[in-house]
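Please examine the structure below with its sequence at hand. The paragraphs that follow lead through its salt bridges and one of its sheets.

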Amino acid sequence: MSQTAAPTTAGTATVLANPLAGRAAVWSPYSREPLEFHRRLRGYRATPLVHATALARHFAIKQLLIKSEVSRLGLMSFKMLGASWACYRALVQHAGEEPKGWASLEELAAAFRPLRPFAFATATDGNHGHSVARVARWLGFEARIFVPEGTAIARIEAISAEGATVTVVPGSYEDAVVRAAEEAAQRCLVISDTSWAGYEEVPRWVIEGYSTMFWEIDDRLQATGRPCPDLVVVPVGVGSLAASAVNHYCRQADRVKIVSVEPLGANCVMASALAGRPVTVPGPHRSVMAGLNCGTPSPVAWPLVSAGVSTLVAVGDDLARRAVRDFASIAIQAGETGAAAMAGLRALHGEGTVLSSTTSALLICTEGPTDPVQWQRSLGVEVV
């Protein structure tokens, strides 16, 4: 099957060569500053970079690397990287100066104590909101988290356990974003990972925060004498993680190709690429890949994603569940959202034009089983 600008299908997946790829769009500093910030947080350690040799043979490629974000700074998701950096930068901007010489979380909390009482607010499908709530607890702030209807009880309970107030908003993730934005006030900062007109700085900081994982990958590959991958596969919701990947690897765009993966029923990036501009995919969005149930690309992420992603993939829930089992076969407990990149790789394998025997692929596994009941079902375990 030849890959053209028109979508092709491979099982319950759609593969599209991005018709907008190739335009230059780099705005974020190429800086290790977020990594240095994260290293000062409690519980920091570089997450594993797994060499999945058996799966590489299965997909008939040269090398398969997996960046496993199933445990990051005490939570089961990479989202803590973007949320913590964005919270910090927003507080620095609000306070008018950066804390000097802090070396621990306790010292950081002490530096921002004069702001209390203070709050963060955000919308979430689960992981971003949980991360914002954790940062708020660290700093002694309030957290107001808004989730769309249908959010798994396990995810709501995890956020509530941080001491946050969780409000279920009728409608979609986008409806929750609108509601969270109403909380903005002198003593409440909105920490969103998507943007809208007049609200762009914080989502940019979220994207910058995700760069930590790519610096860790670079450092690990350099330490082990391995080359940079030539194919990077990332899940896509509003596009912030993909934008971070593009910004990091665009300096090697002649040899590093980026693939985005999203649900078939919430394929807003693919639909926008076909339209030539950001568009909304109407809900309801009910994929088991809950963290990717987003109907509209982030305007801040869109220029990078639309220019820098070479191939767009949309996958069905069956492939996501199979990918959960693929990860389990190499002892990685990935949730359905976290397994999306593996599902995308399987779709590319079935499509037959992107992968070859010389491919060195990197998958970003973004989360663990944040909904244990759904995860057991994906593993084929009967849930009573």
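**Salt bridges and a parallel sheet**

A salt bridge links the side chains of Arg 39 and Glu 36, with 3.0 Å from N to O. The model in which this pair is found is a predicted one. Arg 39 has a relative accessibility of 39% and therefore counts as partly exposed. Glu 36, at 37% relative accessibility, counts as partly exposed as well.

In total, the structure holds 16 salt bridges. Another of them joins Lys 67 to Glu 216, and here the closest N and O atoms are 2.8 Å apart. Are the two partners buried or exposed? Lys 67 is buried, its relative accessible area being 1%. Glu 216 also counts as buried, at 6% relative accessibility.

Glu 162 is located in the loop between helix 6 and strand 7, while Arg 134 is part of helix 5 (residues 127–139), so the pair ties together parts that are 28 residues apart in sequence. Glu 162 is buried, with a relative accessible area of 9%, and Arg 134 is buried with a value of 12%. Elsewhere, salt bridges with shared partners connect Glu 142, Arg 144, Arg 179, Glu 182 and Glu 183 into one network.

Attention now turns to the sheet. In general, the strands of a sheet pair through backbone hydrogen bonds, in either a parallel or an antiparallel manner. In this structure, four strands make up an open sheet with parallel pairing, and their order is 7-6-5-8. Strand 7 (165–169) and strand 8 (188–190) are the edge strands, each of which pairs on one side only. On average, neighbouring strands of the sheet are turned by 20° against each other, direction ignored.

Within this sheet, strand 6 (residues 142–148) and strand 7 run parallel and are joined by five bridges. Which residue of strand 7 is the bridge partner of Phe 146? The partner is Thr 167. Helix 6 (residues 153–160) packs on the sheet and touches both strand 6 and strand 7. The direction of helix 6 makes about 150° with that of strand 7.

How values were computed. Residues are numbered from 1 along each chain as its sequence is written. This is a predicted model: local features need pLDDT of at least 70, side-chain atom pairs count only at pLDDT 80 or more; totals for chains, interfaces and linings use all residues. Side-chain values use heavy atoms; hydrogens and water are left out. Two strands pair if DSSP finds at least two bridges between them. Helices (H or I, at least four residues) and strands (E, at least two) are DSSP runs, numbered from the N terminus. Axes are lines fitted to C-alpha atoms, for helices over the stretch in contact, and angles run from 0 to 180 degrees between N-to-C directions. Contact means heavy atoms within 4.5 Å. A salt bridge is a side-chain nitrogen of Lys or Arg within 4 Å of a carboxyl oxygen of Asp or Glu. Buried means under 20% relative accessible area, exposed over 50%, partly exposed in between (1.4 Å probe, protein chains only).
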